[in-house]
Structure formats: C-alpha cells, structure tokens
Amino acid sequence: MRVPPAIEARRLHKWYGDVHAVDAVNLTIDEGEVFCLLGPNGAGKSTTVEILEGHRPRSSGEVSVLGYDPQTGGRPFRERIGIVLQQQAVEDVLTVREALELYASMFPKQRSVDELIDVVGLRPKAKRRIRTLSGGQRRRLELALGMVGDPDVLFLDEPTTGFDPSARRQAWTVVEGLSSLGKTVLLTTHYMDEAQNLADRVAVISAGNIIAEGTPATVGGRGSAASRISFRVSANRPFDLPDDLSVDRTEDGELTVTTTDPTRDLYRLTGWALDAGFNLDRLEVRQPSLEDVYLELIGEEAGE
Amino acid sequence: MNRPSDWSLVWGQIRYQNKIFWRTPVAAFFTLVFPLMFLLVFTVIFGNDEIPDLGVTTAQFYAPALAVFGAVSATYTNLAIGTAIARDLGILKRIRGTPLPPWAYLAGRIGSAAYLAAIAAVIMLGVGILVFGVEVYPETLPSLVVTFAVGVACWSSLGMLAAAVSPSGDSAPAVTNATLLPLAFISDVFIPPGPDTPVWLDTVGNIFPLKPFVVAFQDAFTPQVAATTDSWLGHMHWAELGVMVAWGVAGILLALRLFRWEPKGGERVGKPAPVTADKG
C-alpha cells in the first residue's frame with residue numbers, strides 16, 4: 001500500500017491583488033522527507049509555506065497536509081504540526097523554560113521541555129528571561145518552540161538566518177535528528193550549504209513557479225552538468241596543449257577545460273603533461289555547486 | 001491522546017498573562033498605583049470634608065469613582081494596548097499556529113484583566129476604608145459586586161474592540177486615552193456632579209458605559225441611597241446595568257468581526273522583489 005504524502009499541493013495559486021505570488025505550484029513531500037524550498041526574496045517561498053501552515057488562505061488549488069486541509073483543519077491539524085516563522089516573537093519577560101512549558105501545555109503530545117532545552121543548547125539560559133538572550137539564542141528557542149508539540153510535520157522558515165557557524169551546525173543536527181525519527185520537515189533557506197546538508201530533495205521557486213526540483217545532487221541538471229578542470233602549467237618553454245581538449249585561458253595564466261567527460265579529459269591532460277615533462281599546478285576538478293546551479297536557474301528566469 | 005481540557009487551557013493562559021503583567025512594571029504602575037495617586041491628590045487638595053452638594057466626604061466620593069477608573073484601565077486600556085502590541089510582535093500569529101483555540105487565548109487575556117481590575121478596586125477601596133474612613137453598607141454589597149462584574153465584562157469587551165480597531169501597538173494608547181479620558185471627565189470620575197452641570201452633558205454621559213458604571217458603583221457607598229431600602233434587590237441599578245450590557249454585547253460582537261491576528265500588511269501586498277543573481 002502506498003503511504004500518502006505528508007504534504008501535497010496541486011495547482012496552488014495565490015493572488016495579492018494583481019500580484020500572482022504563487023503560480024500553479026505542485027508539491028509532493030513524503031513522510032519522513034526533509035524538503036527544502038529555495039528561492040530569492042519575494043519568489044513565493046514564504047507565501048507557499050504559510051498557505052501550507054494554514055496561516056494564509058489560498059486563491060485556488062488543492063492542498064493537503066497530513067490529510068488535512070490547512071485552511072479548515074483547525075485544532076486537530078495544529079496539534080500535529082510545528083511552525084518556526086521568520087518574524088515571530090514570544091513574550092520576552094518569560095523565561096526560556098516558562099515559554100516552553102506554556103506552549104507545551106497546548107498540545108496533547110508533548111516533548112519533554114528539559115530534553116528540548118538540551119537539544120537546542122539553551123541549558124545555561126533555561127532560567128533566564130527571553131529578553132536577555134542573543135539573537136541566535138532566540139532563534140534556537142523558536143526552533144524548540146516549534147518542536148514542543150512533537151509535530152509530525154515541521155515548517156522551518158529560514159531557521160538559521162543570523163546564526164553563527166557553530167549554532168547552525170547545532171541546528172542542523174537537530175533537524176537531522178527529526179528526520180531520523182521519521183518526521184517530515186519543510187524548510188526554506190537562503191543558504192545553499194544548508195540545503196545541501198539537510199535536504200533529501202530541493203525545489204527552486206522563482207516568481208511563484210517551481211522551476212526545478214530534485215535531490216541536491218541532481219537538481220537543475222546538476223548531476224549531468226559540465227565539470228571544470230582548472231590548472232596551470234609551469235613550463236620554461238613554449239608548449240601546445242592536446243588539440244582535442246577545449247581549453248580557455250585567463251589572463252593570469254589559469255587554464256580551464258569544461259567537460260562532460262572529466263574522466264577521459266583528465267587522463268588525456270595528465271598523460272600529456274607527463275609525456276612532456278610538465279607539472280600541472282593547482283590542478284582542480286570541480287562539479288558545479290548547488291549554488292552555481294541555483295544562480296543559473298534564477299538567472300535564466302530573470303531573462304539574463 | 002490527552003487533549004488538554006478547555007478549562008486548563010484558559011486557566012494556564014490567565015496565569016501566564018498575570019505573570020507577564022507583574023513583570024511589566026509600567027503596566028502595573030498605571031493600573032494599580034496611578035488611580036491611587038489621584039485619590040491622595042484629591043483628598044489633599046479638597047480636604048476630606050463633606051462635599052456640599054453630595055453630602056459625602058471627598059474620599060467617600062472619589063474612592064469608588066477611582067476604583068471604577070482603575071478597573072476600566074485594567075480592562076479597557078491594558079487589554080487594548082497589550083493585545084495590539086502582541087499582534088505587532090507576531091505573538092498572536094504564533095498563537096494562531098498552535099492548537100490553542102483562539103477564544104481560549106482571548107478568554108485568558110480577559111480573565112487576567114478582570115482579575116487585575118478586582119485587585120485595583122480592592123486596593124483603592126482598602127486604602128479608602130483604612131486611611132480615609134470610607135464607609136461600606138452591607139445592604140448595597142450585592143449591587144456593588146454585580147455592578148463591578150458587569151462593568152468589568154463590558155469594558156473588557158470594549159478593550160478587545162479597541163485592540164481590533166487600533167492599527168498598531170503604538171496607536172493603541174492614543175485610541176484608549178482619546179476615548180477614555182474625555183469620557184472620565186463627564187462621568188463623575190474626576191469631577192463630582194453639581195447643580196450647574198448642563199443637562200445635555202449629563203445625558204451624553206449616561207449614554208456611554210462609564211458613567212452608569214461609576215454611578216451604580218458609587219451609590220453603593222452613598223449613605224442616603226443605602227438608607228432608602230433594606231432589600232438588596234432594591235439597590236440594583238437595572239438601567240445602568242442595561243446600558244453596560246448593551247455596550248458590552250455590541251463591543252464583543254464588533255470585536256469578533258474586526259479582530260486581526262496579524263499586524264496590518266500581514267497579508268503581504270506588493271510586488272515580488274526583482275530577481276537578482278546574487279545569493280539572496
């Protein structure tokens with residue numbers, strides 16, 4: 001029997017007046033998946049997520065989250081989701097522990113507040129008022145608040161913006177922990193390394209459209225895209241490169257081979273260098289990064 | 001699954017709102033101490049002698065009037081400002097994303113405000129009785145309690161309405177002060193009624209729900225009124241209660257229609273940012 005997807009959207013549209021913020025988005029996110037929505041500001045990421053959370057009505061289309069329509073799911077629906085939004089405060093005269101206990105008390109299923117405080121690394125701050133926390137500590141508290149009801153689906157809207165690198169690593173560990181428990185996570189982010197590290201699948205959204213979807217390794221044709229072999233030749237005499245390689249030369253002497261068959265071309269290149277007695281300095285083979293692919297995708301969309 | 005009961009949710013919200021109140025010194029000062037300062041100032045300026053037109057002492061007039069004023073601050077002003085600020089900060093939106101029923105959140109806020117209103121009144125009357133010799137009359141106590149409960153409910157509902165119509169937390173104090181203070185001056189809170197009060201001003205005062213609250217509450221402290229009958233039912237101010245009930249019901253119905261859980265512009269209107277090829 002096929003397990004129904006945790007999150008499904010079909011031909012989802014959202015209009016703000018004349019602005020078509022979400023334009024026929026289709027999404028299928030399976031149970032236990034960490035799914036990442038990438039896109040520039042204003043592309044429709046947050047609007048899409050807020051529709052799935054039930055914070056915003058849709059203009060048209062079908063949406064199902066854990067089998068509920070977020071717009072009408074009400075309390076039973078909200079008992080099973082967790083939300084970490086971008087701009088969301090909590091009364092800052094409460095202590096970390098008080099806030100977690102307060103929000104936990106609203107849910108039928110609860111995670112232990114003590115355990116959560118440890119998970120997000122706020123043990124030394126547990127008895128402090130929230131207003132004394134740093135920005136990064138507050139975001140970690142919000143992550144904990146999002147998980148306090150032991151949700152089956154967790155929405156994370158740019159959860160690590162403003163984190164220092166170690167806090168981000170810590171947050172990633174938390175999210176990985178959730179996915180290992182079979183929870184579904186829908187994440188939006190500006191950080192490509194975050195998507196690369198956390199996501200099982202990513203979708204790139206631009207101007208309200210999903211323009212590419214796949215695993216971080218294959219999205220946007222990344223898996224089959226051309227690799228770049230770059231190197232320098234330290235030679236005290238003139239030389240001719242093998243003529244079956246297409247080589248670009250930059251002004252500072254770096255040479256680049258763009259190839260869809262890096263195994264063969266690297267073999268040709270190193271064979272040629274050994275035969276001629278040259279060294280290939282700073283030799284590097286590079287797959288296009290997720291960021292390269294992403295920038296190319298949203299650049300194409302913008303008509304560049 | 002053990003879904004928390006409605007009662008435990010509301011009770012939890014009341015306790016949490018109370019905790020926030022006590023940790024916000026400004027709100028605590030204006031609600032509890034500020035009206036008390038009026039009482040002290042008035043008794044110092046006028047002396048605690050009998051006010052000629054009324055036949056009661058200064059404190060006997062002002063302590064109940066200011067107790068009502070404190071209760072209205074605790075409900076109307078605090079609810080409007082606190083709720084509007086919570087909306088600006090996104091706290092209301094966060095609540096909307098949890099299983100807490102929206103009514104339970106609002107009931108928690110109102111319950112906490114009513115509790116603080118009672119504390120404000122008890123402090124005011126306590127100081128009046130202990131320091132300024134204010135007298136109470138047992139036969140009017142039922143009317144006093146009923147008037148207070150109805151008045152607090154009415155002004156809580158108007159507080160929610162003020163929160164609903166205030167564009168932001170910054171403007172909520174303006175909305176509440178601009179409505180409450182002028183009303184207080186024509187509602188026997190700061191100025192005792194005299195023979196020179198124009199009839200039309202009296203009428204205007206009676207239409208709004210503050211003067212009925214003050215008059216019904218003050219009458220419970222007026223010996224001449226207390227002497228009229230021994231029947232506690234005879235002391236009930238049905239007309240004044242009716243005015244407050246009408247305002248309260250209208251206020252909460254309108255508030256429910258107009259209430260917003262997100263700041264203005266929460267439905268993000270505007271063109272999407274231009275797509276650029278930078279990391280954003």
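**A cavity and a threonine**

Let's start on the inside: the largest cavity is lined by 12 residues, and the ones that lie nearest its centre are Ile83(A), Leu145(A), Arg94(B), Gly97(B) and Thr98(B). Keep in mind as you look around that this is a predicted model.

Which elements give two or more residues to that lining? They are β5 (81-84) and α5 (135-147), both in chain A. The strand β5(A) gives the most, with 3 residues. What kinds of residue do you find around the largest cavity? Its lining divides into 6 nonpolar, 5 polar and 1 charged. As for volume, the largest cavity comes to about 110 Å³. If you count cavities of 30 Å³ or more, you get 1.

You'll find Thr179(B) in helix α7 of chain B, which covers residues 172-185. Is Thr179(B) buried, exposed or partly exposed? Its relative accessibility is 38%, so Thr179(B) counts as partly exposed, because that label covers values between the 20% limit for buried and the 50% limit for exposed.

What does the side chain of Thr179(B) touch? One partner is Tyr76(B): the two side chains make a polar contact at 2.6 Å. The side chain of Thr179(B) also reaches the backbone oxygen of Thr176(B), at 2.9 Å.

Note on methods:
Residues are numbered from 1 along each chain as its sequence is written. Chains are lettered from A and ligands numbered from 1 in the order in which they are written. This is a predicted model: local features need pLDDT of at least 70, side-chain atom pairs count only at pLDDT 80 or more; totals for chains, interfaces and linings use all residues. Side-chain values use heavy atoms; hydrogens and water are left out. On a 1 Å grid over the protein atoms alone, a cavity is a set of points where a 1.4 Å probe fits but cannot get out, and a pocket is an open set with protein on both sides within 12 Å along at least five of seven lines; lining residues have an atom within 4 Å of a point. Grid points are joined across faces, edges and corners, and a volume is the space filled by probe spheres set on the points. Helices (H or I, at least four residues) and strands (E, at least two) are DSSP runs, numbered from the N terminus. Ala, Val, Leu, Ile, Met, Phe, Trp, Tyr, Cys and Pro count as nonpolar, Asp, Glu, Lys and Arg as charged, and the others, Gly among them, as polar. Buried means under 20% relative accessible area, exposed over 50%, partly exposed in between (1.4 Å probe, protein chains only). A polar contact is a pair of N or O atoms within 3.5 Å; within protein, one must be able to donate a hydrogen and the other to accept it, and residues adjacent in sequence count only if both atoms are side-chain atoms.
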